[in-house]
Amino acid sequence: MQVAEKLRVANDTVQITQVRLNQLSNEPEVDADNLDDVAATALALSCREDGLPVSEQDIENAWTETLDAEDSEVSISHQQLEAVGNYLDIDEVPPHPNALVKGFGEAIEMSEEMINVAHRILYDCFETDPTAIASGTSPAATAGAVLSLAAVINGKGDEYGQDALGKVSGTNEVTVRKRAEKLEGLLGEDRMQDDRYHLDTEPEAPAQPTQSTAADGAGTAETEEPADSGVTEETAEESGGVEPDPEPVDEGATSTEEAEETADSGFLETVKEMYPDELPTTESIAQAHDADEGAVEAALAELSTSGTVQQKRAGSVTVWIPEEQGGVKTDLTADAVETEVDALVEELDMNPSTRLLARGMVSDAVDDVAVEDAAELAGAVVVAAARMEELDADIVEVADLREFEPRVISKWLDTLEETVDVEIPRRGADEIVDELVEELGLADGIREESLTSLERFDDDGAFTAGELGAGAVMFAATVSATELDLGNVSAVSGADPDHITDAMNSIVVSLCLGLVQGNIQYADCSWTTDLLESELSPEIGDSYTGRVIALAKTYTAGREDRTVDRDTLDVVLGEE
């Protein structure tokens with residue numbers, strides 16, 4: 001724990017390492033005199049699996065410093081990584097996350113300087129929130145995401161597209177995009193503008209990982225470390241990557257006074273005059289001044305940075321609100337949503353009656369709930385109105401028109417049923433299962449296993465019906481060794497692939513914990529043999545799921561009559 005705290009290793013990563021150490025302690029071949037090396041190696045493997053840019057050298061140094069005995073030194077070699085990995089049923093030593101960034105970047109012929117930027121983004125995200133890195137879909141997706149952000153920041157998003165990064169990383173475009181959005185949100189808009197991420201202002205490109213990094217994640221780096229990063233120039237050796245260089249002094253920052261002076265052309269006054277009688281959009285302000293929209297947006301963005309105005313989204317447009325007003329008023333929110341409803345109905349070629357029914361739900365909804373994005377609520381009321389009129393309404397198609405996730409509409413439909421007091425025809429998770437089995441020509445056994453899994457699943461309402469039904473089918477197909485394309489499942493269910501995977505992981509977690517706690521009988525589970533033989537682990541799970549599977553293996557192999565109470569589970573697993 002002392003080493004993990006010093007290196008800021010995520011709690012999830014620490015918990016899976018503790019489970020693995022318990023497993024290793026029962027291995028007769030493990031040398032009791034060399035437990036520190038084994039434990040340190042297990043931590044290194046877990047860090048690699050979770051995509052944490054923590055080097056073996058960092059772990060060695062931190063572990064050695066915590067030992068009481070003089071002249072004690074912990075060592076981690078690639079051979080040790082392989083040996084401990086074999087004990088833990090890890091088929092292949094995971095590459096260091098820096099090796100992934102370097103390899104994927106070179107695969108799409110990205111410049112060395114831009115790859116360096118991606119490394120900086122990865123380290124900054126890790127320094128900001130290690131758990132956010134560990135909880136990602138996969139280290140490969142994270143590597144693709146930081147490369148994508150590096151390209152977009154430097155105006156190369158089209159040249160190095162997320163589709164290409166999805167292919168070279170072995171994931172897909174959607175996964176890379178969602179991961180990039182999460183990391184961008186983690187750093188924040190202001191930090192994403194940092195000069196360190198821009199090639200034209202980069203003072204010096206740090207060294208890249210050596211060729212050995214691509215093979216086993218070990219390399220050298222000679223760069224100056226930022227203050228309090230926890231990594232020194234010595235510990236950077238064999239880190240498998242590049243550490244971020246120091247923050248440059250920003251000598252050209254725009255002050256509040258300069259921002260206000262930029263808007264002295266009257267844009268701010270126009271915002272105050274328009275609001276609250278109408279929504280001050282970039283377009284309407286530009287029209288009032290016969291000015292270029294780009295110049296208006298830039299001037300108001302400076303004022304937003306200084307706190308003079310608030311920048312809000314109202315549907316598909318940007319709205320500027322005087323800071324003293326505190327937010328968009330209810331009637332203006334309703335106007336924005338109704339405008340989006342009209343646009344969606346026209347784009348979808350729906351009936352005028354559908355438009356009227358959808359608009360009728362808007363005012364009741366905005367009176368009772370906060371609306372952050374008018375387009376999301378508009379999409380939901382349009383889908384609700386169409387279904388109430390027994391018309392076909394594809395939530396995926398509607399969501400794509402405004403570029404948000406289909407699950408947003410599903411969540412809004414739940415809210416509408418409560419706040420507007422309407423009954424909206426909805427498909428349940430079991431109906432999704434039936435549709436998937438029929439549309440994809442799956443065996444009836446998969447249908448039965450899917451429905452059984454849903455019955456045993458401890459549902460906390462985190463997933464939509466489409467996500468749960470699709471996740472249950474993916475789980476049932478996996479345990480029956482049936483190949484199933486996630487894209488096809490997504491197309492039929494209308495659920496995003498990432499959320500389907502998350503739902504499947506949650507189902508696995510729920511079933512495993514139910515088994516360990518005695519809520520599900522061992523003999524009633526057709527998947528337990530596969531689980532104990534480790535056939536499920538390569539196919540299912542993020543880091544937390546892996547810990548639960550490891551726990552289920554430990555406590556059910558030959559001990560099917562033993563159960564574990566909730567308190568013990570909380571201690572071993574920690575919070576998800």
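**Exercise 1.** Work out whether glutamate 127 is buried, partly exposed or exposed in this predicted model, then find its salt-bridge partner.

*Solution.* Start with the number: glutamate 127 has 25% relative accessibility. Buried means under 20% and exposed means over 50%, so glutamate 127 counts as partly exposed. Next, look for the partner: that's arginine 8, with the closest N and O atoms 3.9 Å apart. The two are 119 residues apart, with arginine 8 in the loop between helix 1 and helix 2 and glutamate 127 in helix 7. Arginine 8 is partly exposed too, because its relative accessibility is 33%.

**Exercise 2.** Trace the salt bridge between arginine 359 and aspartate 342, and say which network they belong to.

*Solution.* First, the distance: the closest N and O atoms sit 2.8 Å apart. Then place the partners: arginine 359 is in helix 19 and aspartate 342 in helix 18, 17 residues apart.

**Exercise 3.** Describe helix 25 and what comes just after it.

*Solution.* Begin with length: helix 25 covers residues 465–479 and reaches 21 Å from first C-alpha to last, close to the expected 21 Å. Then count the cover: 13 of its 15 residues are buried. Last, step past the end: alanine 481 takes a positive phi of about 60 degrees.

Methods
Residues numbered from 1 in each chain as written. Predicted model: local features only at pLDDT ≥ 70, side-chain atom pairs only at ≥ 80, totals over all residues. Heavy atoms only, no water. Helix = DSSP H or I, 4+ residues; strand = E, 2+ residues; numbered from the N terminus. Expected span 1.5 Å × (residues − 1). Buried < 20%, exposed > 50% of the residue type's maximum accessible area, 1.4 Å probe, protein only. Salt bridge = Lys/Arg side-chain N within 4 Å of Asp/Glu carboxyl O.
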